[in-house]
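I opened my notebook to look up a few things in this structure. Here is what I wrote down as I went along.

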Amino acid sequence: MTLDAAGPSADIPTTGGTGPPTRQQLAVAVDGLRVHTDSGRPIVDGVTFDLAAGHLLALIGASGSGKTTTALALLGWANPGTSITAGSIRIAGEPVLGRTDTDLRRLRSRLVSYVPQDPLHALNPARRVGRQLFEILHAHRRTRDADAVIGRALDRARLPTDRRFLRRYPHQLSGGQRQRVVIAQALLLEPAVVVLDEPTTGLDAATQHEFLTHLDRLRAETGAAMVYVTHDVAAIAPHADRIAVLRAGTIVEHDHTRTLLRRPRHPYTRHLLDVVPDPHRRASVTTRPTRADGSPAAPAVPVLQVRGLSVTYRDGHQRIVAADRVDLDLEAGSCRALVGASGSGKTTIGRCVAGLLRPDAGGIALRGAVLAPTARRRTPTQRRAIQIVFQNPAESLNPRRTVGAELARVVRYFDTTAGASVAQRVGDLLDSVRLPHGLVHRYPGQLSGGEQQRVAIARALAAGPDVLVCDEITSALDVSVQATVLDLLAALRQELGLTLLFITHDLGVVSAVADQVTLIDHGRVQVTGSTRYLLDESDHPLARRLLAAAPSLSRALAGAGGPAATGRPGPR
């Protein structure tokens, strides 16, 4: 079968001593897949690949490249406004396309299952865990020995099988548990193929590594093939047998993981690999503004101080400490990264700084002036000085306001005398985040993820802040867009003298953007220091643990990537 553009090279090993699998033995065989919009625009254009049982194929590429559309087509599904117009798809030898909706429902879960990016969207909040698993068996008329089947699926997903767990609702589970429940659903009927669509987006490095290692065990135990959609090539590299790179709906390169990483042939592949942030391959970090002669513009003084900040929550009868006597200093023009695992308290601290959450104790001072605990009680000048950019711009931007209206609203709020100059200010804001003025009439839903995030940054800049709190703002972006946003923040620091509190779990991003790093665990500051010290010299156990778990392309290139590292045979 001929692959698009740069196909597998001749040095790819075959599966064992019996030779490559035949078409009848393949778990997935896709040939000439085309998906078009109703207006005729191609979204996926001639995609061809195959995958043997027990192997993992990673589909990588920028947002809008056709990764998810290709993956969903394996289930016979096309998003509203699109349709599969050509090609063939076979799962475990059975054709997928051309079936009725009834036939496709029978095929899904039995032959191919799906794990979405957000488990909250896949789980019914009004149904208990056990009930949701049973309903899948009932839909496929497999209720005989249901308890044993459910127990086996939960056990494979490394989840409790007792009645107490089965009676929990999704909101009573941790994020990692919810993701594993979705994995249990996907494995319930022991399908030949599991499609995973960005399942680790937003997870901290340690949780992400645990999840991917668990997928390796599941493939070894069940023999299921996996198609894994991701923008994080560094994270998936040690686990994938093969990587296919998509651009504008076409596979531009497809190869054995190690071969593709070490000898990428297509310029776009080389670009994607070049912009991956890596804590072990650090670029020079943008520092505070300097004079023309290179000397510091001003002595480093704290523009923001946090002292003794404490926050607790109640979860039923349990008291949860989200922040425990936290002290932080942000020097003018600097970028301090606040790093920790999911649930460590870093977002809680950021929200307190922005005045969106009242702390139980402690205080926050801006240029020496103590701030009120909530934004509502701060002066307009103090509210202007500290702005926040949230993780998901699709949820923080008003879907019913155009870009221009959203930015103009903030300009008018902080400058009641703006008058006729509002339009000019909106244009200047779009210029500052490198967006064309033509976007003023568009709604958030008409923008890409990267454009949405830059609009959210522009909205924060409309206030003219001194301090910008960035809460996981690059976690859901593909590496190209992520690099654009990080370059933008570096430029804004130089041009505007912005001070950043950058909340993240990604040490690769930290290495590219931060001057100083503070590590948080269970609400407490564990260690703080320069980025170079934390990544190169610190012997603190948390720093070493986070660095060991952080995805690293340079480490994968050194020999950790692909099936050779796991002892699995190479791909066809």
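Entry 1: Before I start, a term I need: two strands pair if DSSP finds at least two bridges between them. The model I am looking at is a predicted one. I looked up strand S1 (residues 26–37) and found that S1 pairs with S2 in the antiparallel sense, over eight bridges. For one of these bridges I noted the residues: valine 28 has leucine 51 in S2 as its partner. Next I checked how the two strands are joined. S1 and S2 form a hairpin with four residues between them. In that turn sits glycine 40, with a positive phi of about 100°. Then I asked myself: how many residues of strand S2 (residues 42–52) are buried? I found nine of the eleven, so S2 is largely enclosed by the rest of the structure.

**Entry 2: two helices.** I read that two packed helices are described by the angle between their axes and the distance between the axes. The crossing of H4 and H5 is right-handed. Which residues meet there? From H4 I listed Gly130, Leu133, Phe134 and Leu137, and from H5 Ala146, Val149, Ile150 and Leu154. Sorted by class, this contact has seven nonpolar residues, one polar residue and no charged ones.

After H4 comes arginine 141, with a positive phi near 55°.

**Entry 3: cysteines.** I searched the whole structure for disulfides and found zero.

**Entry 4: a glycine in a loop.** My last stop was glycine 368, in the loop between strand S14 (361–366) and strand S15 (369–370). Is glycine 368 buried or exposed? I found it exposed, because its relative accessible area is 59% and the cut-off is over 50%. The C-alpha atoms of glycine 368 and glutamine 305 are 7.9 Å apart, although 63 residues separate the two along the chain.

Terms used: Residues are numbered from 1 along each chain as its sequence is written. This is a predicted model: local features need pLDDT of at least 70, side-chain atom pairs count only at pLDDT 80 or more; totals for chains, interfaces and linings use all residues. Side-chain values use heavy atoms; hydrogens and water are left out. A crossing is left-handed if the near helix is turned anticlockwise from the far one by less than a right angle, and right-handed if clockwise. Contact means heavy atoms within 4.5 Å. Ala, Val, Leu, Ile, Met, Phe, Trp, Tyr, Cys and Pro count as nonpolar, Asp, Glu, Lys and Arg as charged, and the others, Gly among them, as polar. Buried means under 20% relative accessible area, exposed over 50%, partly exposed in between (1.4 Å probe, protein chains only). A disulfide is a pair of cysteine sulfur atoms within 2.5 Å.
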